[in-house]
Amino acid sequence: SPAWSPDSRQLFYSGTGFQLHRQTLGDLAAVEDIGTGYQITLTPDGGTMMTTRSETGNDFDLFYKSVSDDGDWVKLFDAPATQLAPRVSPDGRHVVYGSDETGTNEVYLREFPSGGGLWQVSVDGGFWPRWSDDGERIFFVDEDTIYEVDFDPGPPMRLGRPLEVVDREPLGWSLMFGWPPGFDVSADGERFLVCQPVAQDETAEGIIVVESWLAEVEGR
């Protein structure tokens, strides 16, 4: 679950043993350990990072801290469920995330950094929320369908109904705990990056090396 810094010069990601790392691009030796957690995201100004951590070894909650110091992680709110896949809004005032507090994975919205308020974004299931770059839409996936929800921070704050945007080709499998495969949204909010099956041969093995791969996608 990697995340870019706003200037695209650093990459944040979680690795083995829930260890969080910061990688400076162009310098393979510049990899820093920055704490523990699972999944990581940054605020739009790049000053704060948020991740999912567990204090008990069971449920996971959302925590945040400054990128520039070694201070303690701050829990966003207390909940008896598992919170995952957070994403902070472009204006830094809200956070969307996935939670199983009803027994079904759904997407929720809260204020940031207070953790106040609670609004359900999805209706009949959802995960992997993403924001459009202008902050006016929230995207999420349920099974093989990507949905969008109109968002107006107000006041008063308003959430629209989830609308189907696109159906992707079924992969034939899900992630751990039944989570659907993730996706991402381009900066202009008009394109999606998804995993799609390209062959029906489920027994294929080995490593494929593609040279000059960029030429294959230029102009598409």
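What is the volume of the largest pocket? In this predicted model, the largest pocket has a volume of about 1200 Å³. Its lining comprises 31 residues, and those nearest the centre of the pocket are W4, R87, R130, D184 and V185. By residue class, the lining divides into 17 nonpolar, nine polar and five charged residues. Several strands contribute to this lining: β1 (3–4), β5 (38–42), β9 (83–88), β13 (127–131), β18 (183–185) and β19 (192–194) each supply at least two residues.

Strand β1 also belongs to an open sheet of four strands, in which the order is β1-β2-β3-β4 and the pairing is antiparallel. The edges of this sheet are formed by β1 and β4, each of which pairs on one side only. Two bridges connect β1 with strand β2 (residues 10–14) in the antiparallel sense, and A3 has F12 of β2 as its bridge partner. Strands β3 (residues 19–24) and β4 (residues 31–36) likewise run antiparallel and are joined by five bridges. Here R22 stands opposite E32 in β4. The hairpin of β3 and β4 has six residues between the strands, and within this hairpin G26 adopts a positive phi near 85°.

The loop between β2 and β3 contains F18, for which phi is near 60°, a positive value in a residue other than glycine. A search of the whole structure identifies ten aromatic pairs. One of these, formed by F18 and F60, is edge-to-face, with 6.0 Å from centre to centre and 70° between the planes. Because F18 lies in the loop between β2 and β3 and F60 in the loop between β6 (48–53) and β7 (61–66), the pair ties together parts that are 42 residues apart in sequence. Together with Y38, F18 and F60 form one aromatic cluster.

The charged end of K65 is placed over the ring of W73, at 5.4 Å from the ring centre. R110 lies over the face of F77, and here the distance from the ring centre is 3.7 Å.

A positive phi in a residue other than glycine is found at A85 as well, with a value near 55°. A85 is part of strand β9 and, with a relative accessibility of 3%, counts as buried. Strand β9 is among the strands that each supply at least two residues to the lining of the largest pocket.

Further local features occur in loops. G115 is located in the loop between β11 (106–111) and β12 (119–120) and is buried, its relative accessible area being 7%. A separation of 9.6 Å is found between the C-alpha atoms of G115 and L62, which are 53 residues apart along the chain. The loop between β15 (145–152) and β16 (158–159) holds P155, and P156 is found in the loop between β15 and β16 as well. G154 and P155 are joined by a cis peptide bond with omega of about 10°, and a cis peptide bond with omega of about -5° joins P155 and P156.

Terms used: Residues numbered from 1 in each chain as written. Predicted model: local features only at pLDDT ≥ 70, side-chain atom pairs only at ≥ 80, totals over all residues. Heavy atoms only, no water. 1 Å grid on protein atoms, 1.4 Å probe; cavity = no way out; pocket = protein on both sides within 12 Å on 5 of 7 lines; lining within 4 Å. Points joined across faces, edges and corners; volume = space filled by probe spheres on them. Nonpolar A, V, L, I, M, F, W, Y, C, P; charged D, E, K, R; others polar. Pairing = 2+ DSSP bridges. Phe/Tyr/Trp six-rings, centres within 6.5 Å; stacked < 30°, edge-to-face > 60°. Lys NZ or Arg CZ within 6 Å of the ring centre and 35° of its normal. Buried < 20%, exposed > 50% of the residue type's maximum accessible area, 1.4 Å probe, protein only.
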